[in-house]
Amino acid sequence: MGPHSRPVRRSDVLAQGAGETVILLTPDSGEYFTLNEVGGRIWELSDGTRSVAEIAGVLVEEYEAPLDEIQADTLEVLGELAGEKLVSDGDSTA
């Protein structure tokens, strides 16, 4: 997944906020994953309409951190979510 990818959440994953944590539950396997506040926001923004670079741009406005750091963290979180098959790489040509 790269800066121009458009990550898409898996539609059957249940997400529940618990304070500053977001818990993801996969109904087919019963596995659950926890995300911190920023990871949860990345999950929320991964709806297939924004590129990774656009998601990082939104996070720069919401959190006080340098763009390069946020973009690297965004790619890392999305890479982990993709590795668990919780998000997929949407159409990067749109």
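Helix α3 (residues 67-83) has 17 residues and should span 24 Å at 1.5 Å a residue; its end C-alpha atoms lie 24 Å apart, which agrees. The expected span is 1.5 Å times one less than the number of residues. Helices are DSSP runs of H or I of at least four residues, strands runs of E of at least two, both numbered from the N terminus. The model is predicted: local features need pLDDT of at least 70, side-chain atom pairs count only at pLDDT 80 or more, and totals for chains, interfaces and linings use all residues. Residues are numbered from 1 along each chain as its sequence is written, and side-chain values use heavy atoms, without hydrogens and water.

Ile70, Thr74, Val77, Leu78 and Leu81 are the buried residues of α3 (under 20% relative accessible area, 1.4 Å probe, protein chains only). Seen down the axis, they fall within an arc of 95°, so they line one face of the helix. The arc is taken over directions from the helix axis to the C-beta atoms. Asp68, Glu80 and Gly83 are exposed on the other side of α3 (over 50%). The cover over the buried residues includes β1, β3, β4, α1, α2 and β5.

Helix α1 (residues 37-45) packs against α3 at an angle of about 70°, with the axes 10 Å apart. That makes α1 roughly perpendicular to α3 (65 to 115 degrees). Axes are lines fitted to C-alpha atoms over the stretch in contact, and angles run from 0 to 180 degrees between N-to-C directions. Gly39, Ile42 and Trp43 of α1 meet Thr74, Val77, Leu78 and Leu81 of α3 (heavy atoms within 4.5 Å).

Just after α3, Lys85 takes a positive phi of about 60°.

Terms used
Angles under 35 degrees count as roughly parallel, over 145 as roughly antiparallel, 65 to 115 as roughly perpendicular and the rest as oblique.
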